[in-house]
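Here is a short briefing to read alongside the model. Have the viewer open and follow along topic by topic.

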Amino acid sequence: MRGAVTVGLALAGPLLAMAPLVGAVARPASSTAWLATTDGGLVEGHDAAAYARELQRAEPAVAAAWGGGPFWTLLLVPSSSTAAARLSGQQDQDDVAAVETGGTVVVEPAAWAQLSPVGRQVTLRHELTHVVSGPATTARTPTWLIEGLADAVGFAGSGLSTAQASAELTTRVRAGFRPAALPADAAYAPGSADLAATYEEGWLACRLIEARVGVAGLVAAYRETGVRGWPAAVRDVLHTTPAAFTAAWRARVAALA
Ligand SMILES: [Zn+2]
């Protein structure tokens, strides 16, 4: 999910908003280890120190990709999937290890437990990218760009290959799927068919932008899209047309076969 508040508000807002729900977060009766801090965040929940170590690792990578901070993250580690759904306001979370909303990242504990160490970093960097890019995200920003940027930053330096990170889309393409256009916002709704492949479509689009103008150019295109829309960003940052970009992206998707 996209963040919609400024950095200044994110510091206080989520803390106040979460106060009535604080009982939903795991709090061992005999331990104070349910709170931990990082350079740019606060973790609340069971085993907070372990999550803080993960968050601390993710923060510099995301700040470097975005071109600086500061940003502030509240990471909540609920005691159950039910509590996670209450905190995040998201019901269909079966395959989602964390959700970001307004600068707060809510861990879905059952899905999180299934992640590898690399998967945990990819997930946190993805969600932190939503946090840091939140103030630049507007109604003009298409979801494929929001999620594509988060995945581009999330997977960067992970050691995962393009084939590994686009496995679901590759399967669809080999079965004959050829997208006509970049994914519509509705395709990202929780529970949508082929959701993982849709995320991979947006990721490939952002990788294509990054290949042409670097990660700084990708961020510039993101910022410009939030102000003037995607067509203007394509012209000003990528120096091409939306149609030409979409054609290049379609060729990249087809090449997965
Ligand atoms: Zn996301």
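Strands β4 (residues 98-101) and β5 (residues 104-107) pair in the antiparallel sense over 4 bridges; two strands count as paired if DSSP finds at least two bridges between them. Helices (H or I, at least four residues) and strands (E, at least two) are DSSP runs, numbered from the N terminus. This is a predicted model, in which local features need pLDDT of at least 70 and side-chain atom pairs count only at pLDDT 80 or more, while totals for chains, interfaces and linings use all residues. Residues are numbered from 1 along each chain as its sequence is written, and side-chain values use heavy atoms, with hydrogens and water left out.

**The hairpin**
- β4 and β5 form a hairpin with 2 residues between them, and T101 has T104 of β5 as its bridge partner.
- In the turn, G102 has a positive phi of about 60°.

**The zinc site**
- The zinc ion has H126 (NE2), H130 (NE2) and E147 (OE) as its protein donors, at 2.0 to 2.1 Å.
- Donors here are N, O and S atoms within 2.8 Å of the metal (3.2 Å for Na, K and Ca); water is not among the atoms, so sites may look incomplete.
- Along the chain, the zinc donors follow the spacing H-x3-H-x16-E.
- H126 lies in helix α5 (residues 117-133) and E147 in helix α6, so this pair ties together parts that are 21 residues apart in sequence.
- H126 and E147 are both buried, where buried means under 20% relative accessible area, exposed over 50%, and partly exposed in between (1.4 Å probe, protein chains only).

**Helix α6**
- α6 is mostly covered, with 13 of its 13 residues buried.
- Just after α6, G157 takes a positive phi of about 75°.

**Around A52**
- A52 is found in helix α2 (residues 48-66).
- A52 counts as buried because its relative accessibility is 8%.
- T37 is 15 residues from A52 in sequence, and the two are 6.3 Å apart in space, C-alpha to C-alpha.
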